[in-house]
Amino acid sequence: VEVMVAATVMIFGIVSAVGRARVRFRVFGPDVARAYAATGEPMDKAGAYGIQGLGAALVDSVHGDYYTIVGFPIVRFLELLERKGWRYAFGRLERCQ
């Protein structure tokens with residue numbers, strides 16, 4: 001499954017980027033799918049699984065950025081901030097010199 005999530009920064013104009021990652025699910029049968037669905041976890045997820053929760057047990061491998069799969073492409077977002085002259089300073093933003 002390919003996951004694509006967009007990030008946009010609107011500081012004196014708009015810049016956008018897309019994060020991409022791939023998820024490979026392990027082979028499982030209908031009983032496992034029903035058991036996972038019965039937890040209620042997938043019901044509010046865009047892809048009907050939560051890799052950051054119980055759904056991690058369904059995943060065989062990840063290729064790319066984990067945070068893109070979760071739903072926020074952090075690396076792309078930080079790149080966009082830098083393009084607009086800002087830097088993430090671990091809990092705050094700083095204007096680049």
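Start by selecting S61: leaving aside neighbours within four places in sequence, S61 is in contact (heavy atoms within 4.5 Å) with R22, V23 and R24. The model is predicted, so local features need pLDDT of at least 70 and side-chain atom pairs count only at pLDDT 80 or more, while totals for chains, interfaces and linings use all residues. Residues are numbered from 1 along each chain as its sequence is written, and side-chain values use heavy atoms, with hydrogens and water left out.

S61 sits in strand β3 (residues 59-64). Strands (E, at least two residues) and helices (H or I, at least four) are DSSP runs numbered from the N terminus. With a relative accessible area of 19%, S61 is buried; buried means under 20%, exposed over 50% and partly exposed in between, with a 1.4 Å probe and protein chains only. Show the side chain of H63 as well: the side chain of S61 makes a polar contact with it at 3.5 Å. A polar contact is a pair of N or O atoms within 3.5 Å, where within protein one must be able to donate a hydrogen and the other to accept it, and residues adjacent in sequence count only if both atoms are side-chain atoms.

Next, select D60 and R24. They form a salt bridge, the closest N and O atoms being 3.8 Å apart. This pair links distant parts of the chain, D60 in strand β3 and R24 in strand β2, 36 residues apart. A salt bridge is a side-chain nitrogen of Lys or Arg within 4 Å of a carboxyl oxygen of Asp or Glu. D60 is partly exposed at 49%, and R24 is exposed at 54%.

Move to E2 and R20, another salt bridge, with closest N and O atoms 3.6 Å apart. E2 lies in strand β1 (residues 2-10) and R20 in strand β2 (residues 14-25), so the pair ties together parts 18 residues apart in sequence.

In helix α1 (residues 30-38), select D31 and R34, which are three residues apart, about one turn of the helix. Their side chains meet in a salt bridge of 2.8 Å, N to O, and both residues are exposed. Then select R87, R92 and E94, which are linked in a network of salt bridges.

Finally, zoom out. The chain has three helices and five strands, running β-β-α-β-α-α-β-β from the N terminus. Its C-alpha trace spans about 55 × 20 × 20 Å along the principal axes.
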